[in-house]
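Subject: Structure for you to look at

Hello,

I am passing on the structure below, with a short account of what was found in it. Please read the notes with the structure open.

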Amino acid sequence: MHTRRTVIAALAFAVVAASPIAQAQDKSIVVASTTSTQDSGLFEYLLPIVKQKLGITVKVVAQGTGQALDTGRRGDADVVFVHAKSAEQKFLAEGQSTKRYPVMYNDFVLIGPKSDPAGIKGMKDVSKAFTAIKDKQASFISRGDRSGTHIAELNLWKDSGIDIEKDKGPWYKSIGQGMGAALNTAGASNAYVLSDRGTWINFKNKGDLEILVEGDKRMFNQYGVMLVNPEKHPNVKKELGQQFIDYLVSPEGQKDIANYKINGQQLFYPNANDPGA
Amino acid sequence: MGDGSALHLVLTGDPALFAIVELSLLVSLSAVLLAAVIGVPIGALLALTRFRGREIVIVVLNAMMGLPPVVVGLAIFLALSRSGPLGAWGLLFTPQAMVIAQTVLVAPIIAALSRQTIEDLWAEYREELAAMNIGPVRRVATLIWDARFSLVTALLAGFGRAAAEVGAIIIVGGNIDGFTRTMTTAIALETSKGDLPLAVGLGMVLIAIVVVINALAWGVRRSAERVAG
Amino acid sequence: MRAPSTDLPIVIVDASVVAGQTTILNRLTLTFSAGAPSVLIGPNGSGKTTLLRAAMGLIPLTRGRITWAGREEAAPERRAIVFQRPAMLRRSTGGNVRYALAAAGVPRAKRHERAAELLKLVGLEGLARRPARRLSGGEQQRLALARALARDPALLFLDEPTASLDPAAIKAIEDIIRSISARGVKVIMSTHDLGQARRLAGDVTLLHRGRLIEQAPADEFFSAPRTQEGAKFIAGELLV
């Protein structure tokens with residue numbers, strides 16, 4: 001009987017001791033970002049550097065862009081770091097943040113099976129590729145999750161003059177999941193999918209898939225970072241959050257970002273200095 | 001990387017893997033203990049008292065055993081969000097939130113199984129305890145003690161449920177690397193990243209734990225037979 | 001000799017127990033006094049078990065009164081009962097007795113020794129470690145008796161204590177009943193074995209369909225029953 005009571009007391013203590021009361025003392029922030037960014041491996045590389053240089057522990061909650069911004073709206077994150085400029089500007093307009101900082105860009109690539117049923121390999125014009133896919137009714141996987149990638153995909157359909165809501169058929173599969181899941185699904189069903197380059201390089205289950213179209217300027221993917229407005233959410237750790245943002249856009253931070261490579265290939269191109277970004 | 005690396009990670013006690021396993025066990029164990037503290041007394045109360053609406057409560061409790069984890073996760077997420085009623089506690093995206101979610105999932109199981117066990121034993125013991133003039137407090141203590149093997153089995157069932165679920169804890173925990181990433185959420189993540197060897201390695205550990213739980217349950221039944229006949 | 005029971009005499013006046021549509025005990029008036037064992041006899045369903053439970057204070061009367069030494073409330077500290085099919089606690093044989101001792105307020109330090117004594121008394125020494133549920137029918141009956149005796153009762157109710165036991169076991173239990181009765185414990189028991197009634201009874205109570213047919217000192221009843229049913233019952237005829 002006594003042992004049982006001791007075990008319960010010990011565990012209760014353990015739970016309490018690890019409680020937020022203890023955590024409030026350590027320097028940490030919650031950053032809402034996207035699954036694509038996480039899947040690219042950037043955070044695994046960058047966060048230890050941040051910890052070492054700033055002494056801040058960054059906790060990344062990775063979701064779709066829409067979800068990440070909503071997390072900021074609810075005050076459950078201190079910083080949002082996503083890649084969908086129109087959605088970010090809406091966030092600003094709502095007063096959920098007071099300033100947007102461009103950080104870096106990477107690009108999207110159009111992935112598809114080696115067999116290339118729509119015959120788009122090597123095309124320089126991405127809207128021609130999208131049109132070909134629709135005309136051939138070739139299998140296409142959409143993330144369908146309000147993520148930056150999803151929004152970019154929708155914009156590309158629009159640029160191609162296609163009303164995808166009207167023109168979609170059974171060939172267009174909207175899965176409502178992250179980039180990795182979309183790539184898995186595309187690989188398993190010999191389908192086309194739009195992916196960010198970072199996730200693609202880091203993806204370990206490529207199978208028969210390869211990059212078929214890349215380089216079109218419309219496929220560039222801009223990242224922005226914002227501090228959640230402390231006036232709307234007093235719990236936001238504004239000093240630490242701002243320190244993190246300042247680091248990202250500083251020359252040193254920008255160099256660290258550029259230095260992130262997979263297989264010798266740079267993934268992200270820092271452009272905090274670009275006013276139009 | 002082939003499956004060789006999964007086994008390699010497991011056998012060499014890779015520290016990242018170890019940290020994930022440790023967090024998983026801590027979260028699920030805490031949840032089961034809390035759920036027991038809540039669930040066993042409720043089960044005993046339902047078994048031993050009679051009141052209007054008791055049958056309905058029992059039906060509801062049994063139904064709650066089948067609560068979908070994602071739904072529980074969503075409900076607790078909304079409650080713990082800074083914009084939610086309990087936001088001031090600041091518990092979202094922490095291990096504590098995961099413990100809370102799993103406690104909600106497991107407590108009905110433990111309560112329902114405790115109720116059944118204690119009610120059955122009470123039917124057996126009722127007359128004898130009355131004849132020995134046993135008061136209500138001692139009666140409850142006797143029933144819980146004599147039913148301890150079945151109750152432990154119920155706890156093991158609860159632990160199995162907690163350790164295996166991913167829907168609730170991924171929502172309320174946020175699957176944060178190094179903080180709220182457990183075996184199940186890590187498997188989900190690594191699978192979606194296409195890093196199957198690591199996912200498989202974690203899956204092997206998880207299955208090993210499930211096997212151990214079942215072995216323990218079997219051991220408990222054997223002890224029960226040996227001691228109590 | 002134990003101090004005589006403070007619950008005697010048990011005076012039952014116009015007592016009825018009704019469950020739903022069934023009248024189990026029908027306006028009984030009788031008395032149990034100190035002394036040699038009182039034995040209840042009668043066909044199955046005559047109400048013997050219910051009468052024992054009512055006299056023990058376990059079940060309430062629907063009508064009528066029952067008093068213990070003039071008191072209305074049952075205070076069962078020195079009363080004990082052995083049911084017809086006793087339930088074994090999920091513990092060892094010794095554990096069952098120790099539990100009963102604890103329930104009776106015996107201090108922890110004395111329980112082990114006292115349990116050993118009781119097990120020896122009922123002939124179960126050596127089985128102390130065995131799980132009670134693995135004892136044979138006769139052994140379980142004896143264990144239930146040991147549990148009852150653990151309460152140091154001055155008043156002991158036994159419901160068919162030797163039903164479905166073999167003759168050797170029956171003899172063992174009857175010997176125990178005789179010896180504790182000799183030590184001053186009042187035994188009130190039921191049986192459907194007339195021979196047992198003859199062997200053990202100081203007085204006999206015959207029940208039939210919930211009614212009291214006859215209550216008399218044993219030798220009077222068996223030599224010259226006052227009622228027709230009594231005579232028929234002794235002769236071994238079926239009372240319908």
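Two residues are taken to be in contact if their C-beta atoms, placed from the backbone, lie within 7 Å. Please keep in mind that this is a predicted model.

How the chains meet

Two pairs of chains touch, and the pair with the most contacts is chains A and B. Chain A gives 25 residues to that contact and chain B gives 23 residues. On the side of chain A that touches chain B, the elements that supply two or more residues are α1 (2-17), β2 (57-63) and α10 (179-188) of chain A. Of these, α10(A) gives the most, with four residues. Sorted by class, that side of chain A has 11 nonpolar, nine polar and five charged residues. Chains A and C, by contrast, do not touch, and their nearest C-alpha atoms are 16 Å apart.

A helix pair in chain B

In chain B, helix α9 (residues 183-192) and helix α10 (residues 196-228) have axes that come within 8 Å and cross at roughly 155 degrees. Angles over 145 degrees count as roughly antiparallel, so α9(B) and α10(B) are roughly antiparallel to each other. Their crossing is left-handed. From α9(B), the contact is made by B:Met183, B:Ala186, B:Ile187, B:Glu190 and B:Thr191. From α10(B), the residues are B:Leu196, B:Leu198, B:Ala199, B:Leu202, B:Gly203, B:Val205 and B:Leu206. By class, this contact has nine nonpolar, two polar and one charged residues.

Backbone points to check

In chain C, the peptide bond that joins C:Leu8 and C:Pro9 is cis, with omega at about 0 degrees. C:Pro9 is in the segment before β1 (10-19) of chain C.

A:Gln137 is not a glycine, yet has a positive phi of about 50 degrees. This residue is in the loop between α7 (126-136) and β5 (140-142) of chain A. A:Gln137 counts as partly exposed because it has 15 C-beta neighbours inside 10 Å.

C:Asp152 is not a glycine either, and has a positive phi of about 50 degrees. Its place is the loop between α4 (137-150) and β6 (155-159) of chain C. With 17 other C-beta atoms within 10 Å, C:Asp152 is partly exposed.

Regards

Methods
Residues are numbered from 1 along each chain as its sequence is written. Chains are lettered from A and ligands numbered from 1 in the order in which they are written. This is a predicted model: local features need pLDDT of at least 70, side-chain atom pairs count only at pLDDT 80 or more; totals for chains, interfaces and linings use all residues. Axes are lines fitted to C-alpha atoms, for helices over the stretch in contact, and angles run from 0 to 180 degrees between N-to-C directions. Angles under 35 degrees count as roughly parallel, over 145 as roughly antiparallel, 65 to 115 as roughly perpendicular and the rest as oblique. A crossing is left-handed if the near helix is turned anticlockwise from the far one by less than a right angle, and right-handed if clockwise. Ala, Val, Leu, Ile, Met, Phe, Trp, Tyr, Cys and Pro count as nonpolar, Asp, Glu, Lys and Arg as charged, and the others, Gly among them, as polar. A residue is buried if 20 or more other C-beta atoms lie within 10 Å of its own, exposed if 12 or fewer, and partly exposed in between; C-beta atoms are placed from the backbone.
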